[in-house]
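Work through the exercises below with the sequence and the model open. Each task is followed by a solution in steps.

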Amino acid sequence: MNQKPSLFTVVSPRLLDIYDISNSIVVVIDVFRATSTIATALYNGATRVIPVDSVDKCIQIGKTTGGITAGERDGKVIEGLAHGNSPAEYPRSFIAGKTLVLTTTNGTRLLHMALNNGASEVITGSFPNLSAVCDHLVEQNKNVVLGCSAWKDRFNLEDALFAGAVIERIRDHFAIHCDSSLMAEDMYRLHKNDIKQFIRKTTHWHRLAAYGLEADLEYCVTADQANVLPVYRNGDLISLTGPAGGS
């Protein structure tokens, strides 16, 4: 019998360094709202999303590529950028055929950390592309690290909920000896039928709902609304599946 690949859940970027990810697929999870926005933009036809970790770099790359610059801090569009971090801002009529240059507080940082630590592949995941993520992980049959972006290194519920949703679907294909994975799966199973009510308890809900983003947040926990697979290739996140990927 072939040995199953391993699966671990990292609940904060602060913990990534204690894991050997050199032969692993790392799933960057930033449910509210970066990885939900990335999937949505690519699903609606964006040619690529360029994730960057600073506003200055976002503006510079936007100029050189002709891309749409986007980013928020504390729920507000950053001065000097054209758009925010809401999935609703990127319908097909607007984003199709364009490049999105996106700067975020937490998700972009974790993505670059994973690359620097030698991940064999980096993809992004959230509920809108849940099935695409799960199908890819099973198909690749490699070690997996579910990386929660958290909030300024502090654990958050919504990223762990998504990790739990992934684990529930694919657990039979992996060896899971990881308490954070068991916690995430149990929490998801407990709340998957009332998830839109449960997320109202989260600190991030209260932070972002104050800006009138309730519909955004509900979308971000709705499965398979933008079912593409964003994969990091040579500085870009591109879609390998779904409408934008041509399959």
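**Exercise 1.** How much space lies in the largest pocket?

Solution. The model is predicted. In this model, the largest pocket holds about 200 Å³ of space.

**Exercise 2.** Describe the lining of the largest pocket by residue, by class and by secondary structure element.

Solution.
- Step 1, residues: the lining of the largest pocket consists of 17 residues. Phe32, Glu72, Asn85, Thr105 and Trp151 are the ones nearest the centre of the pocket.
- Step 2, classes: seven of the lining residues are charged, six are polar and four are nonpolar.
- Step 3, elements: at least two lining residues come from strand 4 (68-73), and at least two from helix 9 (203-209). Helix 9 gives the largest share, with three residues.

**Exercise 3.** How many disulfides does a search of the whole structure find? Examine cysteine 58 and cysteine 148 in turn.

Solution.
- Step 1, the count: the search of the whole structure gives zero disulfides.
- Step 2, cysteine 58: the cut-off for a disulfide is a pair of cysteine sulfur atoms within 2.5 Å. For cysteine 58, the nearest cysteine sulfur belongs to cysteine 220 and lies 19 Å away, and cysteine 58 is in no disulfide. Cysteine 58 is buried, its relative accessible area being 0%.
- Step 3, cysteine 148: the sulfur of cysteine 178 is the nearest cysteine sulfur, at 10 Å, and cysteine 148 is in no disulfide. Cysteine 148 has a relative accessible area of 1% and is buried.

Notes: Residues numbered from 1 in each chain as written. Predicted model: local features only at pLDDT ≥ 70, side-chain atom pairs only at ≥ 80, totals over all residues. Heavy atoms only, no water. 1 Å grid on protein atoms, 1.4 Å probe; cavity = no way out; pocket = protein on both sides within 12 Å on 5 of 7 lines; lining within 4 Å. Points joined across faces, edges and corners; volume = space filled by probe spheres on them. Helix = DSSP H or I, 4+ residues; strand = E, 2+ residues; numbered from the N terminus. Nonpolar A, V, L, I, M, F, W, Y, C, P; charged D, E, K, R; others polar. Buried < 20%, exposed > 50% of the residue type's maximum accessible area, 1.4 Å probe, protein only.
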